[in-house]
Every structure is written in C-alpha cells, then in structure tokens.
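Have the model open while you read.

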Amino acid sequence: MILFPAVDVLDNKAVRLLYGKRDEVTVYGTPLEMALKWQEMGAQYLHLVDLNGAFDDSLVNKNTLIELIKKISIPVEIGGGIKSLDKIKFYLDEVGATRVIVGTACVTNPSLMDKACALYGNKIVSGIDAKDGFVAIKGWVEKSSLKPLDVALDMKQRGVDTVVFTDISRDGALTGVNLKSTKELSEKSQMNIIASGGMATYEDIKAVKEANLYGAILGRSIYTGKIDLKEALKI
C-alpha cells in the first residue's frame, strides 16, 4: 500500500480545506516546503491538487506547481481542474508530473478519457468524489445522478486502472475514512483504489491496509500532527 501525503494549493499557498469548502481554509506555508518536508520524512509519492484549477479553471498556481514538481525527486500525481487533453499533456509532458487525476471530465466528457488513456495509459487516474452516495463534480459543488461504481466501471472500460475515491463528507474532518464504501468499490471494480477523505488515526491506516486497498491519501492528519508520517509509513 502507498501512502500519499497531500499538498493542496490555493493562491500559491499550501492549504487544507474542510469538506472541500473554499471559505473553510487553513494555510500551512508554501507548497514546495510542504512537499520537501513529506519527501524528507520518507514519502514515496506525492498527491498534489490545484484548488484554483478545480474551482474556476484558473492557472494562478502554474509557476508554483512547475517549481514544486521540478524540485522534488519523488513521483507526483496531480489533479484539479484537468478537463482537456491540452492540460493533461501540459502536466505530463511539460511540467513532469508522473500521472494526472481527471475528475469532473469522467462524468461530463468521458470520451476525453478514451483519448487520454490511448496516449498515456496508466498515467491517467480517475478522481471519483462522492457526496451522499452520488458522484460530485465541478470542484464538488454539483452532484450528479451517478453512483461511484458506475463511473469506475465505465472508466475501467476506457483504460483507467486507478481511482482516487473521496468521501466529501469526511474530507478534512478527521472523522475516519469511509472504509465500507471504499472497500466495496475496490472489490466490485477490481481496480487500484486510493482512499481519500477523513484519514485520522493509525487505526485508519491499518484498516485501509487490511482492506487490501492500493493506497491512501493523508491530508489534515499529518499537517496537524495527529499522524506522524514516519510512523504511518512503518505501518
């Protein structure tokens, strides 16, 4: 299992949001210093999110993201407002990200995933964010009529093998991961599922590992010190 420390970038600052709300923000310094901190503590992979991109397609963080990816040595997956082939190519070919996470477009423009997977294979990851059992899109502000498993299976047919699955009701709340839904998605889709949202304790990490999930994202828990990344990596 891979643990992915998260660096969420808003207005060129490293932040954590509560429930994905833009006005529920805590700032934690610069994105690069956070990325270097997690790398030095032993992280194998970084989860990077461009929140400005997710909220309004803004490129305000462009130079910050480029600098971060070029200055750290571990692989980086990046998401946030990636809705076109041009943006996918930009992050993979120009910026040097290891893989990109496409969220909203999985629902609104699934044919994009056909083209992206044909070009980049397993560098394309599907981001599936659930609210009350349904997939949320456009920076989590709109709820679709689709179930997470339906989207995952559609993505699998199009060539995607990895999904970041977030329970929005738990994101940033330190209430524990939604293990039941995440494990169910993993078992029924037979895809690589990365658990996201609510990871709060070492018990959560053990539970995710025992559920044979591919990975888990750590956010607020490591920023507040509730979880020590070094200890988590030992587990």
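Buried here means under 20% relative accessible area, exposed over 50%, and partly exposed in between (1.4 Å probe, protein chains only). By that cut-off C117, at 10% relative accessibility, counts as buried.

A word on the source: this is a predicted model, where local features need pLDDT of at least 70, side-chain atom pairs count only at pLDDT 80 or more, and totals for chains, interfaces and linings use all residues. Residues are numbered from 1 along each chain as its sequence is written, and side-chain values use heavy atoms, with hydrogens and water left out.

Now the cysteines. Taking a disulfide as a pair of cysteine sulfur atoms within 2.5 Å, the whole structure has 0 of them.

| Cysteine | Nearest cysteine sulfur | Distance |
|---|---|---|
| C106 | C117 | 8.8 Å |
| C117 | C106 | 8.8 Å |

C106 counts as buried too, at 4% relative accessibility.

On to the core. A nonpolar core is a set of buried Ala, Val, Leu, Ile, Met, Phe, Trp, Tyr and Cys residues joined through side-chain atoms within 4.5 Å. The largest one has 64 residues, and V7, W38, I88 and I124 have the most contacts inside it. Apart from it lies another core of 9 residues, including F4, A6, I101 and V164.

What does W38 touch, leaving aside its neighbours within four places in sequence? With contact meaning heavy atoms within 4.5 Å, W38 meets P5, A6, V7, A43, L46, I222, Y223 and L229.

As for the whole chain, buried residues make up 54% of its 235 residues. The C-alpha atoms fill a box of roughly 40 × 40 × 30 Å, taken along the principal axes.
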